Amino acid sequence: MEAERLVALGRHALAESGSAQDIVAEAWQAQALAQAIGNHLALCGPQELRGEARGLGEIGEYPAWGAGGPRAARLSEVADPRGALTALGELLGEVGIALVGVACATDEEGLYWQCIEAIDAADESSDRVRGMLRRLAVRDGERARPPDAARGRAGPGRGRW
């Protein structure tokens, strides 16, 4: 399944989460998706993203999955790296906000620390995603620049005598 579609499924599942445990579970689903996208881009993505993508693929140690496993296991392609990373960044931001809400509302110490761990992972993943988006912007900005006058053609006083 394409990355942006999986991100959309994750956003929908997070929005539909009915309990604190559901929110934490969706946070780890989002983290697993971030890792899968990172791993995919490290292997098949643009060259300038590969190092940062490898780092994204290594963030977070999520709890053992139940019988269903992570949705991220269905990732088959990242057709548009910029679109997928932008959508993933939005999902990670929403996850962070939801986790803060759970952490602030709970009196259960174990749940609180689960939230803190998941917040840290989402924050680190968000940093990596923003870094990759910056790299793409630099790459695309370099392609969009007009040719350098000093290299592309002779100016006044050069090569005309």
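Here is a walk through this structure, from the overall layout down to a handful of residues. Keep in mind that what you're looking at is a predicted model.

Let's start with the big picture. The protein chain has six helices and zero strands. Read from the N terminus on, the elements simply go α-α-α-α-α-α. The chain has 161 residues, and 40% of them count as buried.

Now to a pair of helices. Two packed helices can be described by the angle between their axes and by the distance between those axes. Here, helix H1 covers residues 3-16 and helix H2 covers residues 20-44. The two pack at an angle of about 170°, and their axes are 10 Å apart. Any angle over 145 degrees counts as roughly antiparallel, so H1 and H2 are roughly antiparallel to each other. And who does the touching? On the H1 side you'll find Ala3, Leu6, Val7, Gly10, Ala13 and Leu14, and they meet Ile23, Glu26, Leu33 and Ile37 of H2. Sorted by class, that makes eight nonpolar residues, one polar and one charged.

Ala3 sits in helix H1. Is Ala3 buried or exposed? Its relative accessibility is 0%, so Ala3 counts as buried. If you skip its neighbours within four places in sequence, Ala3 is in contact with Ile37, Leu75, Glu77, Val78 and Ala84. There's also Leu85, which is 82 residues away from Ala3 along the chain, yet their C-alpha atoms are separated by 8.9 Å.

Over in helix H2 you'll find Ala36. With a relative accessibility of 17%, Ala36 falls under the 20% cut-off for buried and therefore counts as buried. Not counting residues up to four places away in sequence, Ala36 touches Ala72 and Leu75. Ala36 and Ser76 lie 40 residues apart in sequence, and from C-alpha to C-alpha they are 9.6 Å apart in space.

Next, move on to Ala79, in the loop between helix H3 (50-56) and helix H4. Ala79 has a relative accessibility of 56%, so this one counts as exposed. Along the chain, Ala79 is 34 residues from Gly45, and 9.6 Å separates their C-alpha atoms.

Another loop links helix H4 (81-105) to helix H5 (109-144), and Thr106 lies in it. What does the side chain of Thr106 reach? It reaches the backbone nitrogen of Glu108, at 3.0 Å. Leaving out neighbours within four places in sequence, Thr106 is also in contact with Leu111 and Tyr112.

Follow helix H5 and you come to Ile119. Setting aside its neighbours within four places in sequence, Ile119 is in contact with Gly96, Leu99 and Val100.

Last stop: the cysteines. A disulfide is a covalent bond that joins the sulfur atoms of two cysteines. How many disulfides does a search of the whole structure find? The count is zero. Cys115, for one, is in no disulfide, and the nearest cysteine sulfur is that of Cys104, 9.2 Å away. For a disulfide, the two sulfur atoms would have to be within 2.5 Å. Cys115 has 0% relative accessibility, so it counts as buried. Cys44, on the other hand, has a relative accessibility of 53% and so counts as exposed.

Methods
Residues are numbered from 1 along each chain as its sequence is written. This is a predicted model: local features need pLDDT of at least 70, side-chain atom pairs count only at pLDDT 80 or more; totals for chains, interfaces and linings use all residues. Side-chain values use heavy atoms; hydrogens and water are left out. Axes are lines fitted to C-alpha atoms, for helices over the stretch in contact, and angles run from 0 to 180 degrees between N-to-C directions. Helices (H or I, at least four residues) and strands (E, at least two) are DSSP runs, numbered from the N terminus. Angles under 35 degrees count as roughly parallel, over 145 as roughly antiparallel, 65 to 115 as roughly perpendicular and the rest as oblique. Contact means heavy atoms within 4.5 Å. Ala, Val, Leu, Ile, Met, Phe, Trp, Tyr, Cys and Pro count as nonpolar, Asp, Glu, Lys and Arg as charged, and the others, Gly among them, as polar. Buried means under 20% relative accessible area, exposed over 50%, partly exposed in between (1.4 Å probe, protein chains only). A polar contact is a pair of N or O atoms within 3.5 Å; within protein, one must be able to donate a hydrogen and the other to accept it, and residues adjacent in sequence count only if both atoms are side-chain atoms.
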